[in-house]
Amino acid sequence: MTTLYTASVPVFKQLLTALKNVLTIAETYATDKKIDPNVLLQSRLYPDMFPLVRQVQIAADFAKSVPSRLAGIEVPAYEDSEQTFAELQTRIDNTLKILEGITAAQIDGKESLEIVLRPGTPKEKKLNGETYLLNYGLPQFFFHVTTAYAILRHNGVEIGKRDFMGAY
């Protein structure tokens, strides 16, 4: 049976761990090819899209905020100051630690929990826990992880679907 926990925390952990590996491959690629790492870190798929650094930051944000909100705990805040591969790795490690601390008992059964996005703004939106996870949180997370992968692949980093998927 699929629960909110099994549809969230293990999925976030799997793809964040894979993203860590992809970033390691990218850093090695930059070193081997004598490319300034900032070229990759600041690359984007299109001028109006966020660069790799921001894509990774946002992916980590969704991975920590979605389960935290479902568990009814405060969402840990990050500074968004990462500028290097090492700093992005640390951000992902910190997010994985947060996920390790969230249990199924905290999330399961919260399908009807009201989640309010952007409260008090014209963009305020109210969703139940299940809709929040399945129709908002996971798609957002997948978008940013996929975009980070695509930026690196577009720049010649030799990664494939197995790298994107990680171990499952």
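This is a short walk through the structure, one selection at a time.

Before you start, note that the model is predicted, so local features need pLDDT of at least 70 and side-chain atom pairs count only at pLDDT 80 or more, while totals for chains, interfaces and linings use all residues. Residues are numbered from 1 along each chain as its sequence is written, and side-chain values use heavy atoms, with hydrogens and water left out.

**Stop 1: helix α1**

Select residues 9–32, which form α1. Helices here are DSSP runs of H or I with at least four residues, strands are runs of E with at least two, and both are numbered from the N terminus. The end C-alpha atoms of α1 are 34 Å apart, in agreement with the 34 Å that its 24 residues should span at 1.5 Å a residue; the expected span is 1.5 Å times one less than the number of residues.

Now colour the buried residues of α1, including Phe 12, Leu 16, Leu 23 and Tyr 29. Buried means under 20% relative accessible area, exposed over 50%, and partly exposed in between (1.4 Å probe, protein chains only). Thr 17, also in α1, is partly exposed at 44% relative accessibility.

**Stop 2: across to helix α4**

From Thr 17, jump to Leu 96: the two are 79 residues apart in sequence, yet 8.1 Å apart in space, C-alpha to C-alpha. Select α4, residues 85–100. Its buried residues are Phe 85, Leu 88, Gln 89, Arg 91, Ile 92, Thr 95, Leu 96 and Leu 99. They cover an arc of only 160 degrees, which puts them on the same side of α4; the arc is taken from the directions between the helix axis and the C-beta atoms. On the other side, Lys 97 and Glu 100 are exposed.

**Stop 3: the core**

Which residues touch the most other members of the largest nonpolar core? Show Leu 23, Leu 52, Phe 141 and Leu 152, out of 47 residues. Such a core is a set of buried Ala, Val, Leu, Ile, Met, Phe, Trp, Tyr and Cys residues joined through side-chain atoms within 4.5 Å. Centre on Phe 141: beyond neighbours within four places in sequence, its contacts (heavy atoms within 4.5 Å) are Val 11, Phe 12, Leu 15, Leu 16, Ala 59, Phe 62 and Ala 63.

**Stop 4: Gln 55**

Finish in helix α3 with Gln 55, buried at a relative accessible area of 1%. Its side chain reaches the backbone oxygen of Phe 50 at 3.1 Å.

Definitions and conventions: A polar contact is a pair of N or O atoms within 3.5 Å; within protein, one must be able to donate a hydrogen and the other to accept it, and residues adjacent in sequence count only if both atoms are side-chain atoms.
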